[in-house]
Amino acid sequence: MQLNFTDLEYRYRRKKTRREILLEEMNQIMPWDEWADIVKPYYPEGKRGRKPQPIERMLKMYMLKEWFNLSDLETEEAVYDSYSMKQFLEIDFSQNDQVPDSTTLCKFRRLLKDHCFDLMIYTQMKDRLKEYNYQIRNGILIKR
């Protein structure tokens, strides 16, 4: 990923935020590739309309929504507003990456629900969180 001015500025700060540390850990412990492989056969190929977002990005955005108890629109806006969330989703505006909009997230949630992937992913996510001493309390992801 190419560094932009914001990345350079953040690189030299003295402290990482708790959210940034948390999301870096979540990036390591969640089975993104495994989940993406399960969703891939049902995911739009983008033969018409806009190019689809990477499945892993959509899974991560879905998790941000769950972990921080956000609506679809709040999740979209939080990614624009939060450097750590943008990094977590591996969005690089200098490479013309775009934040998935709330409608795209809503359609992705529907796809997960229609194929019962939402329950499977949520159960596996909760098990991983428990294994690594995390929990969701009052809609907030915290370390125990």
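What covers the buried residues of α7? In this predicted model, the cover includes α3, α4, α5 and α8. The buried residues in question are Ser 102, Leu 105, Phe 108, Leu 111 and Leu 112. An α-helix has 3.6 residues a turn, so residues three or four places apart point the same way.

Helix α7 has 13 residues. From its first C-alpha to its last it reaches 18 Å, which is close to the 18 Å expected at 1.5 Å a residue. After α7 comes Cys 116, with a positive phi near 60°.

## The nonpolar core

In soluble globular proteins, nonpolar side chains tend to be buried together. The largest nonpolar core here has 37 residues. Which of its members touch the most others? They are Met 26, Met 30, Leu 64 and Trp 67.

At least two residues of this core come from each of these helices: α2 (18-29), α3, α4 (55-67), α5 (72-81), α6 (83-88), α7 (102-114) and α8. The helix that gives the most is α4, with 8 residues.

## How α3 packs on α8

Two packed helices are described by the angle between their axes and the distance between the axes. For α3 (residues 32-39) and α8 (residues 117-131), the angle is about 170° and the axes are 12 Å apart. Angles over 145 degrees count as roughly antiparallel, and α3 and α8 are therefore roughly antiparallel to each other.

On the α3 side, the residues that meet α8 are Glu 34, Trp 35, Ile 38 and Val 39. On the α8 side they are Phe 117, Met 120, Ile 121, Gln 124 and Met 125. By class, this contact has 7 nonpolar residues, 1 polar and 1 charged.

## How α4 packs on α5

What is the angle between α4 and α5? These two helices pack at about 110°, and their axes are 10 Å apart. That angle makes α4 roughly perpendicular to α5.

Helix α4 brings Met 61, Leu 64 and Lys 65 to the contact, while α5 brings Asp 72, Thr 75, Glu 76 and Val 79. These residues divide into 3 nonpolar, 1 polar and 3 charged. Leu 64 of this contact is also one of the core residues that touch the most other members.

## Arg 57, a buried charged residue

Arg 57 lies in helix α4. Is Arg 57 buried or exposed? Its relative accessible area is 9%, and because values under 20% count as buried, Arg 57 is buried.

Apart from neighbours within four places in sequence, Arg 57 is in contact with Leu 89, Glu 90, Ile 91, Asp 97, Gln 98 and Pro 100. Leu 89 is 32 residues away from Arg 57 in sequence, but the two C-alpha atoms are 5.4 Å apart in space.

## Two asparagines with positive phi

Asn 96 is in the loop between α6 and α7. Its phi is near 70°, a positive value in a residue other than glycine. Asn 96 counts as exposed, because its relative accessibility is 61%.

Asn 133 is in the loop between α8 and β1 (134-137). Phi of Asn 133 is also positive, near 60°. With a relative accessibility of 42%, Asn 133 counts as partly exposed.

Methods. Residues are numbered from 1 along each chain as its sequence is written. This is a predicted model: local features need pLDDT of at least 70, side-chain atom pairs count only at pLDDT 80 or more; totals for chains, interfaces and linings use all residues. Side-chain values use heavy atoms; hydrogens and water are left out. Axes are lines fitted to C-alpha atoms, for helices over the stretch in contact, and angles run from 0 to 180 degrees between N-to-C directions. Helices (H or I, at least four residues) and strands (E, at least two) are DSSP runs, numbered from the N terminus. Angles under 35 degrees count as roughly parallel, over 145 as roughly antiparallel, 65 to 115 as roughly perpendicular and the rest as oblique. Contact means heavy atoms within 4.5 Å. Ala, Val, Leu, Ile, Met, Phe, Trp, Tyr, Cys and Pro count as nonpolar, Asp, Glu, Lys and Arg as charged, and the others, Gly among them, as polar. A nonpolar core is a set of buried Ala, Val, Leu, Ile, Met, Phe, Trp, Tyr and Cys residues joined through side-chain atoms within 4.5 Å. Buried means under 20% relative accessible area, exposed over 50%, partly exposed in between (1.4 Å probe, protein chains only). The expected span of a helix is 1.5 Å times one less than its number of residues.
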